[in-house]
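Here is a briefing on a two-chain model. Look over the sequence and structure, then read the points below.

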Amino acid sequence: MAAGAPLITFDKVWKSYGQGEARVHALAGVDLAIKRGEFVAIMGPSGSGKSTAMNIIGCLDTPTAGTYSFMGIDAGRLDRNRRAMLRNLYVGFVFQGYNLLARTTAAENVELPLIYRGVASRERRNLAMQALAQVGLVGREHHTPAELSGGQQQRVAIARAIVTRPTLLVADEPTGNLDTARTHEIMELLTQLNTELGLTIAMVTHEVDVAGYAERTIRFLDGHVASDIMKVELA
Amino acid sequence: MIWETVRLSLRSIRRNVLRSFLTLLGIVIGVAAVIAMLTIGSGTTEKVKADISKLGSNLLVVRSGRPAGPGGPGGLDQVVRPLAEKDLEALVAHLSGARAISPASQKQVRVIFGTESLTSGVTGTDSAYLEARDWKLVSGRPFSDSETRSGTGVCLIGETVRQQFFGDGDPEGEIIRVNRTSCKIIGLLEAKGYTGFGQDQDNVVLMPLHAYQRRIAGNRDIDNIYIAADDRTPTSELQPRVEDILRDARRITPDRESDFAIRDMTQIADAMASATTTMTGMLGAVAGVSLLVGGIGIMNIMLVSVTERTREIGIRLAIGAHEKHILIQFLVEATVLSLLGGIIGILIGLALAGLASLTLTIPFAPSPAVILLAVGFSALIGMVFGFFPAMRGARLNPIDALRHE
Ligand SMILES: Nc1ncnc2c1ncn2[C@@H]1O[C@H](COP(=O)(O)OP(=O)(O)OP(=O)(O)O)[C@@H](O)[C@H]1O
Ligand SMILES: [Mg+2]
């Protein structure tokens, strides 16, 4: 990959569901590029294709037509297991609903991606503790999700996403379930990870406030990119 | 990684103790039934073998008549030529490899002492009979050679006869009446109990052959000749020798069939044992069907488990689990579950077999091979029936799985 080349490239990406009359185009020829280290917010009305785009960016899904390349790899044409490997090595996920394993402690949740990497148990434990410290959850390692608040659960999820030192963090409405104070705490944490670790972040949000933390905002409308604005241009 | 997965599955089994237990029930009952069946079965086989060996070990029994079925219609063969004293003498003179050779003629006869009476198996024989049949005397003495030769009215009685006439008292020297002839008791035979077929082996009276022939049978025939092989000679080797000697003694020309039959009690014992083994195998197979039902139970619960944990599977897939990781996780869980059921089943099965061996007075004969097989089989059932649900989990689309409520 040449220096300065984008981390993520959409080349006329289509994603369609259903057949004939009922065919829906969640993405209709999207062109897009995101560079390493960028912090991008993705906005747009409900059903405009944000989550669909995020799933492709995170190598969870593949385009119906067009090309998606991730780190110069044609990720849209890889098989399931190869995409799983890409996700495990380079991508961290944060979801609106936290998606932690129930009845499993914070530390064990954070360790999970390392298990699939074959990291030895002792080192797993250390790395998990470090990640939990990074998100400010020291002392909560052995609590299960049911014993943690929403904000704390989302911090565990972020710790799980960054424990593998990924290149890209994909966050679909990470603050969607949180109150204002908790939202800002989480956003500050993400900003810090972006600036300190150089983590590339792609984040979906409905709130302008939240998008304000990112340096770039892409607006989707009916499966198209409607606008793509850098923060400096806004100011 | 695999150990990690085993721990994980144990944890998920513990989380649903009641449900796991109910799922296991099928396997537990199946394995318990198979283990109990096979253990009781092999105990029965041992018992049957022991019963038959009570008849005497390494024993050949010769009787007159063709080996199987009557001869041609109207042929002279059909007239059965009984065994005679000279046949016995020929064997005693020429047969090598025999530990004991003894004649025996039997009849059910009414035996009377005082006012009591009893129908007993009365046998006319000689002093080698006890050795041929591995039979010992509790008290008294066997017939002497001169008693055998002269046909003196002396007899040995079995435990049942003693109980009937004398209770626990000493029968020696008493005179009993056997079919209108009297005979003096000179010894008591060791109790042998019942055979596996319910025949009382102790309701017997032994007397010298000549006495029997003269006073009870009224002829000079010998019904059977018992030949016990010595320790170095297998009965299969002894049998043709006996045949040769007897054909010679009975002047049977080579173009004619023998007019006597030789039965090998060892062979009969083996045949009986293999019959009970077959029976046991069949019962075991029937019990094995319930294992299949148990397997279907495992499959059912694993399908429920995969559905319940769809979101968990989605999370695991999203953070980089391969299909094979999910597959292994659920396969291990199913295997651990059914292995657990198998082990519980083995313990219950052994307990049942132990109980049965106490009440049926058969030996408790657990077989390590069968137990190992049950362990292996229950693990296999977990893998086989867990495979379909596990595959279903592994094939889930991560996006759909994550969205699952
Ligand atoms: N699996 C699917 N099957 C059929 N249609 C789908 C599927 N997933 C998404 N869609 C459709 O694609 C379009 C885009 O959906 P998407 O989830 O990307 O919207 P979104 O921008 O994330 O909306 P929201 O803000 O509500 O989350 C919608 O019209 C949706 O109905
Ligand atoms: Mg969405």
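**Backbone, interface and cores**

A:Cys59 counts as buried because its relative accessibility is 1% (buried means under 20% relative accessible area, exposed over 50%, partly exposed in between, with a 1.4 Å probe and protein chains only). This is a predicted model: local features need pLDDT of at least 70, side-chain atom pairs count only at pLDDT 80 or more, and totals for chains, interfaces and linings use all residues. Residues are numbered from 1 along each chain as its sequence is written, chains are lettered from A and ligands numbered from 1 in the order in which they are written, and side-chain values use heavy atoms, leaving out hydrogens and water.

**Positive phi**

- A:Cys59 is not a glycine, yet has a positive phi of about 60°.
- A:Cys59 sits in the loop between helix H1 (50–57) and strand S4 (65–70) of chain A (helices, H or I of at least four residues, and strands, E of at least two, are DSSP runs numbered from the N terminus).
- A:Asp222, also not a glycine, has a positive phi of about 50°.
- A:Asp222 lies in the loop between strand S9 (216–221) and strand S10 (224–230) of chain A.
- A:Asp222 is exposed, at 60% relative accessible area.
- Most residues other than glycine have a negative phi.

**Interface of chains A and B**

- Chain B gives 24 residues to the contact, and chain A gives 24 residues (contact means heavy atoms within 4.5 Å).
- The buried area is about 2200 Å², with 55% from carbon and sulfur atoms (the accessible area, 1.4 Å probe, that two parts lose on being put together, summed over both).
- In chain B, B:Ile315, B:Ile319 and B:Ile399 lose the most area to chain A, together 26% of what that side buries.
- The rule finds two salt bridges across the interface (a side-chain nitrogen of Lys or Arg within 4 Å of a carboxyl oxygen of Asp or Glu).
- B:Glu323 and A:Arg80 meet through their side chains in a salt bridge, at 2.7 Å from N to O.
- Helices H1 (2–15), H10 (310–318), H11 (323–359) and H13 (398–403) of chain B each give two or more residues to the side that touches chain A.
- H10(B) gives the most to that side, with six residues.

**Nonpolar cores**

- The largest nonpolar core has 72 residues; A:Phe10 and A:Phe70 are among those that touch the most other members (a core is a set of buried Ala, Val, Leu, Ile, Met, Phe, Trp, Tyr and Cys residues joined through side-chain atoms within 4.5 Å).
- H11(B) supplies the largest share of this core, 10 residues.
- A:Phe70 touches several residues, including A:Cys59, A:Leu86 and A:Leu168, not counting residues up to four places away in sequence.
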